[in-house]
There are 2 protein chains.
Amino acid sequence: MAATETLTAERILEATEEVLRRYGPAKATVVDVARALGVSHGSVYRHFRTKAALREAVTERWLSRTEVMLAELTGAAGRPAPEKLKDWFAALFEAKRHKAGDDPELFATYSVLIDENSGVVDRHLEVLVGQVRTVVEEGVREGEFTAPEPDATARALFSATAHFHDPAYAPEWRKPTVDAEFDAVVGLLLRGLRA
Amino acid sequence: MAATETLTAERILEATEEVLRRYGPAKATVVDVARALGVSHGSVYRHFRTKAALREAVTERWLSRTEVMLAELTGAAGRPAPEKLKDWFAALFEAKRHKAGDDPELFATYSVLIDENSGVVDRHLEVLVGQVRTVVEEGVREGEFTAPEPDATARALFSATAHFHDPAYAPEWRKPTVDAEFDAVVGLLLRGLRA
């Protein structure tokens, strides 16, 4: 197959995700990835020195897709901070729910990878909390929010909404009442932030 | 041993808890419980018709201890609802943290029992949410809280504080920053409830 194309890290990561989805995280090997790309496994190892490094990179890529999508919301100009914050948590919930519900095999695969790569996950959570902090600071500047400690406030907001992004709660995301519950929690938190 | 004492359900449950702690939930049997009490296993079965019924009853008893302790806080006269609510969540957190930290074997045992008895756990969570609702309604009556839907608000409060009572977060309860995080979350929620 496409062995004539330049073998980039991005192509290897795409193929790895597909191989993980197909064989499951316990069975997928670097040889499977090389075969899917029509290259030798040595070529793959030139980009990722170990199987663990490859698995870490694919986990990071998966999580960073959500970060990029959410950063577009925090960066949007001309929207009040309370609306931005609500939209941000709704988009995070929707992204997680979509990942868990529409492609459960890939979600289960990444659940295994996430347990293996706690450093990557910690960094991801810091990026998300940083995005929340940016919106909180913006709201304080515009006189919409009162938050003497924006960083602690951002962490509190992230913690208080765990039901709607922590994968441990994924089984509850199919309940018909979950959207009303989301609105009740986020509504209460936004009232708590009000200047 | 004390076979001359009347064999009550309460004595059987006490002995069962001790046997579960000693042998672990996978190995503990009704015969072990009968032996600890110095009675025949038939005598135990006269109170609890199956091993599953006995395990369910011991789970219920364990959870109801927390319910009784917390009900004393919600019932206290002459304290403003915001203080009551903060105390209630602090006491729930303290009880869970104490159970998880001071007797980890018993906590692990009950984690197994809880997975077996989801009906008992659902009822327990309804009791806890009902206690929160009582305080919310009190606060609305006294003009301290605004909450058009006290039941939905109680559920939102319970969901938003999951980090400080859901056993899934027990590993985080040892972090030195966890009390400051509790204060930040509960403070934000109380401001959101303010009339």
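Student: Which residues of H4(A) are buried?

Tutor: A residue is called buried when its relative accessible area is under 20%, exposed when it is over 50%, and partly exposed in between, with a 1.4 Å probe and protein chains only. In H4(A) the buried residues are A:Leu54, A:Arg55, A:Ala57, A:Val58, A:Thr59, A:Arg61, A:Trp62, A:Leu63, A:Thr66, A:Glu67, A:Leu70 and A:Thr74. Please keep in mind that this is a predicted model, in which local features need pLDDT of at least 70, side-chain atom pairs count only at pLDDT 80 or more, and totals for chains, interfaces and linings use all residues. Residues are numbered from 1 along each chain as its sequence is written, chains are lettered from A and ligands numbered from 1 in the order in which they are written, and side-chain values use heavy atoms, with hydrogens and water left out.

Student: What covers the buried residues of H4(A)?

Tutor: Contact here means heavy atoms within 4.5 Å, and helices (H or I, at least four residues) and strands (E, at least two) are DSSP runs numbered from the N terminus. The cover of H4(A) includes H1, H2, H3, helix H5 (81-102), helix H6 (104-116) and helix H7 (118-141) of chain A.

Student: How many residues has H4(A), and what does it reach from its first C-alpha to its last?

Tutor: The expected span of a helix is 1.5 Å times one less than its number of residues. With 25 residues, H4(A) reaches 36 Å, close to the 36 Å expected.

Student: What is the secondary structure of chain A as a whole?

Tutor: Chain A comes to nine helices and zero strands, and its C-alpha trace spans about 60 × 35 × 25 Å along the principal axes. Of its 195 residues, 46% count as buried, while residues 24 or more positions apart account for 69% of the contacts with a separation of 6 or more.

Student: Which helices do the buried residues of H2(A) pack against?

Tutor: The buried residues of H2(A), which covers residues 30-37, are A:Val30, A:Asp32, A:Val33, A:Ala34 and A:Leu37, and they pack against helix H1 (9-23), helix H3 (41-47) and helix H4 (51-75) of chain A. After H2(A) comes A:Gly38, whose phi is positive, near 70°.

Student: How do the axes of H9(A) and H9(B) cross?

Tutor: Two packed helices are described by the angle between their axes and the distance between the axes. Axes are lines fitted to C-alpha atoms, for helices over the stretch in contact, and angles run from 0 to 180 degrees between N-to-C directions; those under 35 degrees count as roughly parallel, over 145 as roughly antiparallel, 65 to 115 as roughly perpendicular and the rest as oblique. The axes of H9(A) and H9(B), each residues 178-193 of its chain, come within 7 Å and cross at roughly 90°, so the two helices are roughly perpendicular to each other. The contact is made by A:Leu188, A:Leu189, A:Arg191, A:Gly192 and A:Leu193 of H9(A) and by B:Leu188, B:Leu189, B:Arg191, B:Gly192 and B:Leu193 of H9(B).

Student: Where is A:Ser159 found, and is it buried or exposed?

Tutor: A:Ser159 is found in helix H8 (residues 150-160) of chain A and counts as buried, at 11% relative accessibility. Leaving aside neighbours within four places in sequence, A:Ser159 is in contact with B:Ala160, B:His163, B:Phe164 and B:Val185.
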